[in-house]
Amino acid sequence: MRKFELIAPCHFGLEAPLKREITDLGYDIVSVEDGRVTFYGDEEACVRANICLRTAERILIRIGRFPAGTFEELFQGTKALPWEDYIPSDGRFWVAKAASVKSALFSPSDIQSVMKKAMVERLRETYHVNRFAESGASFPMRVFLMKDEVTIGLDTTGDSLHKRGYRKLTARAPIAENLAAALIMLTPWTGERILVDPFCGSGTIPIEAAMMAANIAPGMKRSFTAMDWPHIIGSHIWRDIREEAAEQIDLQVETDIQGYDLDEEMVSIARANARLAGVEALIHFQKRDVAALSHPRKYGFVITNPPYGERMEEKESLPALYRTLGERFKSLDGWSLYLITAYEGAEKAIGRKADKNRKIYNGMMKTYYYQFPGPKPPGKRRREV
């Protein structure tokens with residue numbers, strides 16, 4: 001099998017859980033940088049990463065890396081790469097995204113244009129044609145420039161991996177599925193423990209937790225760009241790894257996962273999404289105010305994405321909302337609280353300084369993941385996070 005250097009971008013601040021996921025799949029890490037983890041793997045690794053990774057945004061095959069401080073260097077460096085090893089004569093190819101940090105070349109559109117011209121020239125010489133119909137499969141590229149070093153990746157994924165295929169209906173400010181999965185992974189929660197999200201919205205955190213508990217691979221119900229590249233990854237590999245993932249699903253697992261929301265419509269949406277994800281029976285959703293947060297058992301987890309106050313009408317209510325959350329958390333026996341928010345007064349309103357907090361970029365918004373871990377149950381060892 002061919003060996004690749006695979007790049008897995010992720011949310012800034014969530015490199016650690018992604019690295020752990022890749023290591024757990026059995027692959028060797030090459031490097032961990034801000035917003036991405038690079039690892040070695042073959043065709044099976046590329047497929048398995050797309051289908052099984054919960055916290056990545058996409059999987060790229062690294063085509064090349066070279067220095068470029070001028071557009072001529074960018075052109076020549078791009079042209080020198082073996083594009084014919086990946087793109088057939090009828091392939092549709094383009095630079096889908098260009099990002100530049102601390103580099104002399106910073107205009108995304110100019111970078112994209114120069115690279116496209118270089119790829120066309122290389123392939124024209126290889127295939128001995130004057131023009132390309134580009135009527136075949138798609139081959140989108142992504143390029144990163146960091147301190148004048150260019151890294152080019154072929155996007156095997158297509159739509160971001162956070163699009164599992166189950167969330168047809170959403171709340172006004174939904175949390176991305178891969179971010180929700182990462183937040184859960186940054187806690188010691190496991191499937192046999194209690195989990196409550198009192199601001200569940202369209203149900204993403206409870207659904208991701210239920211999928212973990214039942215060992216449902218997140219990419220089971222979606223397609224990927226590289227499925228149309230039989231010359232790179234055979235169709236039998238996609239079939240075999242989907243079957244492998246399907247055999248590991250356990251829908252008989254016993255769970256105590258709950259999602260509350262004050263909006264009845266959101267509760268209905270959450271139930272519909274859970275049904276599409278195949279985990280409706282593993283989650284209890286209900287219309288319920290955070291003020292009614294309670295549970296008779298000990299050692300549970302509250303993992304949640306409460307309102308940030310992005311809309312003016314919400315800002316005035318935030319202190320009381322977070323204060324109520326803090327009061328209800330205090331009343332729970334031996335529980336842990338984990339919440340992501342951009343609200344700077346969160347700790348003050350909750351009435352307690354977080355044991356830990358982690359800066360995470362939710363899109364372009366800087367947020368903090370506040371962590372209030374409770375005691376571990378007798379006889380159980382806490383998983384390191």
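Before comparing any helices, I noted that an axis here is a line fitted to C-alpha atoms, for helices over the stretch in contact, with angles running from 0 to 180 degrees between N-to-C directions. I also reminded myself that I am reading a predicted model.

**Entry: a helix pair**

I looked up helix H3 (residues 71-79) and helix H4 (residues 108-127), and found that their axes come within 8 Å and cross at roughly 40 degrees. Roughly parallel would need an angle under 35 degrees, and H3 and H4 are therefore oblique to each other. The crossing of H3 past H4 is right-handed. On the H3 side I listed Phe 71, Leu 74, Phe 75, Thr 78 and Lys 79 as the residues in contact. H4 brings a list that includes Ile 111, Val 114, Met 115, Ala 118, Arg 122 and Glu 125. Sorted by class, the contact holds eight nonpolar, one polar and six charged residues.

**Entry: the sheet**

Next I traced an open sheet of seven strands, in the order S10-S9-S8-S11-S12-S14-S13, and its pairing is mixed. S10 and strand S13 (356-362) are the edge strands, each pairing on one side only. From one strand to the next, the twist averages 20 degrees.

Tyr 361 has Lys 366 of S14 opposite it.

Then I turned to S11. Its pairing with S8 is parallel, over two bridges, and Val 302 in S11 is the bridge partner of Val 196. S11 also pairs in the parallel sense with strand S12 (residues 336-341), over four bridges, where Phe 301 stands opposite Ser 336.

Which residues of S11 point which way? Phe 301 and Ile 303 go one way, Val 302 and Thr 304 go the other, and all are buried. I jotted down the general rule beside it: in a regular strand, side chains alternate between the two faces of the sheet.

**Entry: helix H6**

Why did I mark helix H6 (residues 204-213) as largely enclosed by the rest of the structure? Ten of its ten residues are buried, and that run includes Glu 208 as well as Ile 205 and Met 211. The buried residues of H6 pack against helix H5 (177-185) and helix H8 (264-277), and also against strands S8, S9, S10 and S11. Just after H6, I noted Asn 215 with a positive phi of about 60 degrees.

Definitions and conventions: Residues are numbered from 1 along each chain as its sequence is written. This is a predicted model: local features need pLDDT of at least 70, side-chain atom pairs count only at pLDDT 80 or more; totals for chains, interfaces and linings use all residues. Side-chain values use heavy atoms; hydrogens and water are left out. Buried means under 20% relative accessible area, exposed over 50%, partly exposed in between (1.4 Å probe, protein chains only). Contact means heavy atoms within 4.5 Å. Two strands pair if DSSP finds at least two bridges between them. Angles under 35 degrees count as roughly parallel, over 145 as roughly antiparallel, 65 to 115 as roughly perpendicular and the rest as oblique. A crossing is left-handed if the near helix is turned anticlockwise from the far one by less than a right angle, and right-handed if clockwise. Ala, Val, Leu, Ile, Met, Phe, Trp, Tyr, Cys and Pro count as nonpolar, Asp, Glu, Lys and Arg as charged, and the others, Gly among them, as polar.
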